[in-house]
Every structure is written in structure tokens, then in C-alpha cells.
Amino acid sequence: MAQPKRRHSHARKNKRRSHHALKVEGLSICPKCTEPKLPHRICGNCGYYQGKQIVKGAEI
Ligand SMILES: [Zn+2]
């Protein structure tokens, strides 16, 4: 295996790793209550999906 000629500084290592954070993908906004929800699923906050109330008793 080839070996690195010089060690990288902590700053260089940390700058490289500044892109490594995971971010949340696939979040959509509920059109009724504007809470973030998973796409193609009933809103956990208001219980609505496609303009209809699916889950009763979850009204805001
Ligand atoms: Zn909602």
C-alpha cells in the first residue's frame, strides 16, 4: 500500500468531514397544518390525507 507523504492537519481532516453529516430526505409539508410529514402518508399531526380526515380525533 502506498503511504501518505505528509500527515494531514486536524483542520484539513475536519474540513473534509464537514460534508459527512446526514440530512433528512423525503420530508414533505402537510397542506392543512404545515407540519413536516412523510410523503404518501397520513399527517401525524392533523390526521388528514388528500384533503380528507382519515384519523378521527386528531383535529388541531
Ligand atoms: Zn397535518
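**Ground rules.** I'm working with a predicted model, where local features need pLDDT of at least 70, side-chain atom pairs count only at pLDDT 80 or more, and totals for chains, interfaces and linings use all residues. Residues are numbered from 1 along each chain as its sequence is written, and side-chain values use heavy atoms, with hydrogens and water left out.

**Zinc site.** I looked up what holds the zinc ion: Cys30, Cys33, Cys43 and Cys46 coordinate it through their SG atoms at 2.2 to 2.3 Å. Donors here are N, O and S atoms within 2.8 Å of the metal (3.2 Å for Na, K and Ca); water is not among the atoms, so sites may look incomplete. The donor residues follow the spacing C-x2-C-x9-C-x2-C. Cys33 sits in the loop between strands S1 (28-29) and S2 (36-37), and Cys46 in the loop between S2 and strand S3 (48-49), so this pair ties together parts 13 residues apart in sequence. I take strands (E, at least two residues) and helices (H or I, at least four) as DSSP runs, numbered from the N terminus.

**Cover.** Are these cysteines buried or exposed? Cys30 is buried at 2% relative accessible area, Cys43 at 3%, Cys46 at 0% and Cys33 at 13%. Buried means under 20%, exposed over 50%, partly exposed in between (1.4 Å probe, protein chains only).

I found zero, counting a pair of cysteine sulfur atoms within 2.5 Å.

**Val24.** I also checked Val24, in the loop between helix H1 (10-17) and S1. Val24 is exposed, at 66% relative accessible area.
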